[in-house]
Structures are given as C-alpha cells and as structure tokens.
Amino acid sequence: MCGIVGLFIKDKALEPRLGELTAQMLATMCERGPDSAGFAVYGDAEDGKAKLTVQSARADQDFAGLDAALSKAIGAPVEIERKSSHAVLTVPADKADAARAAIKADHPGVRIMSAGETIEIYKEVGWPTDVSDRFHLKQMSGSHAIGHTRMATESAVTTLGAHPFSTGADQCLVHNGSLSNHNSLKRKLKHDGMTFETENDSEVAAAYLTWRMNQGMNLGQALEKSLDDLDGFFTFVVGTKNGFGVIRDPIACKPAVMAETDQYVAFGSEYRALAGLPGIDKAKIWEPEPATVYFWER
Amino acid sequence: MRTIDLAVTPLRELNAELHRQSEGTNEAEWEVLNPRGLHAVAVGVDAPIKVAVRGPVGYYGGGMNKKATITIHGSAGPGVAENMMSGSVVVKGDASQYAGATGRGGLLVIEGNAASRCGISMKGIDIVVRGNIGHMSAFMAQSGHLVVLGDAGDALGDSIYEAKLFVRGSVKSLGADCIEKEMRPEHHDQLAVLLDKAGIKDVKTSEFKRYGSARKLYNFNIDNADAY
C-alpha cells in the first residue's frame, strides 16, 4: 500500500511551518505504511556549503569523532549536528564529493542518506509518527518536503529500504507501487555508472531519474521519459533543489490527490492527508491524471 | 434531525447508529459533520433515511447502501457507493476511482468528474456523472446504466455485458467488444427517466450516443484456439 505526502510552499510566510504541516500530514498516513517512514526536507542553503545527511545503526560509536576524522581526510572544516540515528554534516561545497568518498572508504557503518545544498533525508523503521518525532520534523522549516509511510512489498523492512531514495544531489523520490522491470533497468543503469545501495525497486526509479537529469533533462522531462521506460505500478513524488514533481503510471491504481492554493501545492495519497492544511476549504483539489507529469519549480 | 460530528464521535459509533435504523424509524434525517476524508462513512445503511455528509469522504463512502438517500457535500475517495443495493448516493464534488463498482441497484449521481474505472463490474446500478469519467470505466459492466454528460476516457466498456452506456461528450477509445449503438425511442425514454431522477434538466437526450456490447466475447470462438 504505502502512503505519500508532499508539500511545496509558494508563499515564503508559510516556510517556518513546513515541518509542522508535513508531520501532521504524515501522521494521517500511518496505517497505509506502518513498517517504516521517512521524509526529505529542503531547508536553507548556506553559501558555499554542502550538507550530507548520514545514518548509522550504531550512532554513538560511529558519530563520535566522525567530524574530526572527516575534516582530516578532506582537509577542510566539518560541522556535525546529530539527530538520533542520523547526523547532518556540513562541508565546503567543493569538498562534498571527497567527503562522500571518505565516508564510504573509512566509515563502513555510516550510510549516506542524502547530499546536496538544501536536502536532508531522515528515515527509519517504525511507526511513522514515532519516526517523525524522533527527528523533530515538526520543528523543521524549509521550502518543500516529501514524506512516505511504507508497507514493504519488494524488499526487506530496513532503514535503507525506507523512502525517500536519493541518488543525486538534492534529489529524492518516494514511490507507492511496485515496478516489474527494475532488475533489467538496474543492469543498464549500472553499466552507465549509477550505483545502488539496496535491492529496492524504488531506488531504481530514483536512479533512473538522476541518470536522465545527468543527461541534461529537467525533472519534468525526466518524468515524461519514465512513462516509456518504467513498467509497473507507480505514483511517484519527486523533489529537486527547487522543483516538485508528481507522476502516476497509465493504469493509475495507486491513489493520489492534490491541492493547490496561493500558498502551496500539496500531495496526499488520500484527502485525509490534506484535510488539516490551511485554507484547504478553498483550495483547488483534484486527482492527478494517469500518465501525466505535474511539475512545479520555484 | 440527528447531527453527528466526526470530530468528536468515532466513525464506528456513527455507522453503528445508522445500522440501528430500520423501516419506519423516527430518525429520518441525519447530518454528519467533519468527515475529513475518513473511510467508510455511512456504509451499510439499510433504512429509508436521509444522510447529509458535510465535507469530503475517503474510501467507500456510502458503500453497500440499501434504501437510504445519502448526499456527500464534498468529494469522494475510491469506491464511493460500491456495491450499492438500492436508494441513492449523490456526490456534490468529484469521485475517485471505481465509483459505484459492482453496484446492484439504486442511483449514484456524481455532480463533478469521476476518475478511472467508474462503474466497473456494475450489476444493475444506475450511475449519472455530470462531468467526465476516466479510463476503463464500465469494465465488465453487466447491467444497469451509466450516463456521462462529459467525456469518457480510454477503453470505455471493455468486455462489457448488458449494461447500457450513454455518453454526451467524446469517448477517447472503446474497449474490447464495446460498440456504438443506435439510440432508439426506448433509449431516449430510458435516458430521460435517468436524467430526471438525477435532477438534470439542462441537456437533451438527443445529445447522447449509446454504447453497449457487440456480444462477440460471449462465446469462445474456436478460430482463436491457437492463441491459447
């Protein structure tokens, strides 16, 4: 089943409430995906800096001294802000790739959830409201956020199997559905240099879009292409640094409802997710059409 | 009139109260506040009562209805009025996928648009949609009527049995074994009755086309044996 929520803010005055509204939306989708949850929040960018969100199953051990070790490895200052099993590492933007490589080489227990200028991804196994409380989603602010509650079908219930998936800088994808051609597509993408962390089908969809955007397409064009190349059931909600996209497969079994006001664009697997948003009574509410790309950019 | 506010009363209590009503009940009118997209609002009612739901509902709103007149003053999630037996369900907004699925009787009116699979496997229900309907509507529809004032999506009436489909706008494509059929006087009469029941007075029956089964899939054609 799975539940998806997404909020793309158009009116800056609402940005401080992004986390609170996303948490409230996510809480309505608990029973659609009770085994794990996750969310991506696009917050403030800091000039010349990049953020890496990392996770560890043994955070006390793995995060102790991680900033110092990393700083030494990349020869630049590293700030660390720990949140439960996750931590956000801030590094100079031109050292982001080096930091990534150093984590992979020297810190095998540390997994990279996301990297980019504004994105932070948090995800864990457990009841969705517990997951959002654990990382203090309510207190976060930013321009857009995408959340997911998971009922696993295609791969194990693990932290890495939870959504969102991020396969490129400031990119993320959440998925409700199941793909049927992900193994063959994955082989092709691997051949072209994409790397994968899990056996999950949704990660292949995320990597596919990254691969398309690496070819120079924007998110909207990449989503358009996915209709030709992905086979299976899907409702995707996708984020980039300044974009927010939605697409459903041509059969469109997986539910989706959207709302738009002057202040925001919102996505929910069901109307329940939208019911608490400000001004929802006057919002334009519609069901996204099958095989149609919806895409907003700021 | 009894008013139940779902912001304070649990959904199960609402449905249990509605199920306690029977023929001749004194509680003939009900109002439900704050449905906020909840699932299964006013399902399984079996009494000639009126229920007004003030706001959008989630999955299966008014499902399995028998005898009641249910009005949803908002939009409806997937499976509104699914398996209705009799009575009526009116949706003032849009309806999501498989509206009126497998319905055996009664009248479902959708004043906005209906999404995909509207009237899938319908078995006697009458469905009137003021707006458009999505793809695969009336799939394997067995009996009853589907009236659409707007347009129909892809594969209308795929593998249809004996349901009658009336569409005023365009049909993106017809499904397997569904064809356009002649509008004879009896079809105009039938359609006029349905429009009247749905309270629609601003369109003429002559603006509609009728679609139904070519009846080519009813029996196995031995010439196709090689395909299996």
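What pattern does chain B follow, read along the sequence?

1. Chain B runs β-α-β-β-β-β-β-β-β-β-β-α-β. That makes two helices and 11 strands, taken as DSSP runs (helices H or I, at least four residues; strands E, at least two).

2. This is a predicted model, in which local features need pLDDT of at least 70 and side-chain atom pairs count only at pLDDT 80 or more, while totals for chains, interfaces and linings use all residues. Residues are numbered from 1 along each chain, chains are lettered from A, and side-chain values use heavy atoms, without hydrogens and water.

3. The C-alpha trace spans about 60 × 45 × 30 Å along its principal axes. Of the 228 residues, 51% count as buried (under 20% relative accessible area, 1.4 Å probe, protein chains only).

4. At the interface, 13 residues of chain B are in contact with 14 of chain A (heavy atoms within 4.5 Å). The two chains bury about 980 Å² between them, 49% of it on carbon and sulfur atoms; this is the accessible area (1.4 Å probe) lost on being put together, summed over both. Arg36(B), Tyr59(B) and His135(B) supply 39% of the area that chain B buries against chain A, more than any other three residues.

5. Zero salt bridges are found across this interface (side-chain nitrogen of Lys or Arg within 4 Å of a carboxyl oxygen of Asp or Glu).

Notes:
Buried means under 20% relative accessible area, exposed over 50%, partly exposed in between (1.4 Å probe, protein chains only).
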